[in-house]
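Reader: I have this one open on my screen. Can you walk me through it?

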Amino acid sequence: MITHTLAVDGGGTKTAIRLKRILPTLSNIEEYILPATSLTLYGEAAITQLTHYIDEMLSVNQIKSQQCYIVVGVAGVGNLDLKAKLQSALTHCPHLYVTTDAEASVFGANSGQGVNCIAIGTGAVAIQLDVQQKTQQVGGWGFPIGDQGGGAWLGFQAVQQTLVELDNKRTSLTSQLVMRKTGNERSQILQWIGEANATDYAQFARKLVDMEQRCSTASTILKQGIEEIEKLTRTCSDYNSLPIMFLGSLGQFYRPRLSKELQVRTLNIQGNALDGADVIASQKIQLLNLGSEQ
């Protein structure tokens with residue numbers, strides 16, 4: 001009998017994990033914020049870490065894997081090879097559903113009801129959940145080829161502009177911000193660029209927002225980001241009448257800066273990716289009880 005659910009949200013900056021008891025009574029047991037486990041960024045190392053987190057949570061609470069429905073929403077499972085390796089690492093967990101962190105987020109945003117969910121953190125992705133509970137994703141192709149308007153993309157623009165200013169012997173608050181991390185010598189900057197990943201670039205995003213009114217370079221970068229998120233949101237929502245919800249660390253920055261036409265359709269989110277994983281787990285358990293889980 002399934003008596004517990006375990007929800008996991010693995011992203012580029014952190015991993016959130018929540019254990020709930022569903023029988024005989026519903027209650028949260030534990031919830032933790034742990035280091036990042038994006039498959040896109042960390043590959044097989046993230047698989048090892050996720051497996052450890054899950055096994056440790058079950059072991060500490062003396063729960064057998066057969067008693068727990070586990071939903072893992074993690075960045076990077078669009079890579080089917082990595083997804084298969086993660087599923088293989090968790091074969092000892094018979095009740096397991098692995099999906100994207102974006103799908104988990106959209107199920108949480110409107111409590112499992114239809115919605116256009118625009119998730120903007122390290123990356124940027126739009127995902128629509130329709131009234132038949134089917135999802136369709138727009139964007140979210142990953143950094144640096146996609147995710148325009150996301151935190152990593154904003155940081156990348158900041159570093160690019162820093163190089164332009166350095167060549168032209170100019171400076172701004174943005175370039176000063178960047179060079180505090182990269183160093184100000186060509187060799188230091190090249191080394192940093194050679195080693196940097198999406199998380200490293202994304203660290204600049206929130207500070208760009210904070211200095212928007214004081215730095216024209218930051219303001220210009222953020223205006224470009226707003227244009228990209230406007231396009232992403234329209235691509236997802238122009239052909240339906242579902243509400244629009246923004247989430248992620250940059251979602252609330254962008255929301256009031258988009259066109260009025262989009263703003264009038266926006267609602268506050270009802271929950272996060274962990275809540276969405278809980279919704280998915282509940283649906284899966286119902287299907288399992290009916291003998292029709294897919």
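Reader: Let's start with one residue. What does Gln 128 touch, not counting residues up to four places away in sequence?
Author: This is a predicted model, to be clear. In it, Gln 128 touches Val 115, Asn 116, Lys 134, Thr 135, Gln 136, Cys 236, Asn 240 and Leu 242.

Reader: Is Gln 128 buried or exposed?
Author: Gln 128 counts as buried, because its relative accessibility is 17% and the cut-off for buried is under 20%.

Reader: Which backbone oxygen lies 3.3 Å from a polar atom of its side chain?
Author: That of Cys 236.

Reader: And which strand holds Gln 128?
Author: Strand β7, residues 124–129.

Reader: What is the strand order in the sheet with β7?
Author: The order is β8-β7-β6-β9. It is an open sheet of four strands, and the pairing is mixed. β8 (135–139) and β9 (244–247) stand at the edges; each has a single partner strand, so one side of each has no neighbour in the sheet. On average, neighbouring strands here are turned by 20° against each other, direction ignored.

Reader: How many bridges link β6 and β7?
Author: Six, in the antiparallel sense. β6 covers residues 115–120. One example: Cys 117 has Ile 127 in β7 as its bridge partner.

Reader: Which helices go with that sheet?
Author: Helix α3 (residues 101–109) packs on it, touching β6, β7, β8 and β9. The direction of α3 makes about 55° with that of β7. α9 also lies across β6, β7, β8 and β9, and runs at about 20° to β7.

Reader: New topic. How many residues are in the largest nonpolar core?
Author: The largest nonpolar core has 36 residues. Ile 118, Ile 120, Leu 154, Ile 229 and Tyr 254 have the most contacts inside it. Helix α9 (residues 216–237) gives the largest share, seven residues.

Reader: What is Ile 229 in contact with, leaving aside neighbours within four places in sequence?
Author: Ile 118, Ile 120, Ala 124, Gln 148, Gly 149, Phe 246, Tyr 254 and Leu 258.

Reader: Which residues are in the second core?
Author: That one is separate and has 23 residues, including Val 8, Met 57, Ile 70 and Val 98.

Reader: On to α5. Which of its residues are buried?
Author: In α5 (residues 173–182), Thr 174, Ser 175, Leu 177, Val 178, Met 179 and Thr 182 are buried. They pack against α4 (151–167), α6 (186–195), α8 (205–210) and α9.

Reader: What follows α5?
Author: Gly 183, with a positive phi near 85°.

Reader: Last one. What feature does UniProt place at residues 8–232?
Author: The unreviewed UniProt entry has "domain: ATPase BadF/BadG/BcrA/BcrD type" there. In the model, that stretch is 47% helix and 20% strand, with its end C-alpha atoms 26 Å apart.

How values were computed
Residues are numbered from 1 along each chain as its sequence is written. This is a predicted model: local features need pLDDT of at least 70, side-chain atom pairs count only at pLDDT 80 or more; totals for chains, interfaces and linings use all residues. Side-chain values use heavy atoms; hydrogens and water are left out. Helices (H or I, at least four residues) and strands (E, at least two) are DSSP runs, numbered from the N terminus. Buried means under 20% relative accessible area, exposed over 50%, partly exposed in between (1.4 Å probe, protein chains only). A polar contact is a pair of N or O atoms within 3.5 Å; within protein, one must be able to donate a hydrogen and the other to accept it, and residues adjacent in sequence count only if both atoms are side-chain atoms. Contact means heavy atoms within 4.5 Å. UniProt positions are given in the numbering used here, feature names are shortened, and annotations may be inferred rather than shown by experiment. A nonpolar core is a set of buried Ala, Val, Leu, Ile, Met, Phe, Trp, Tyr and Cys residues joined through side-chain atoms within 4.5 Å. Two strands pair if DSSP finds at least two bridges between them. Axes are lines fitted to C-alpha atoms, for helices over the stretch in contact, and angles run from 0 to 180 degrees between N-to-C directions.
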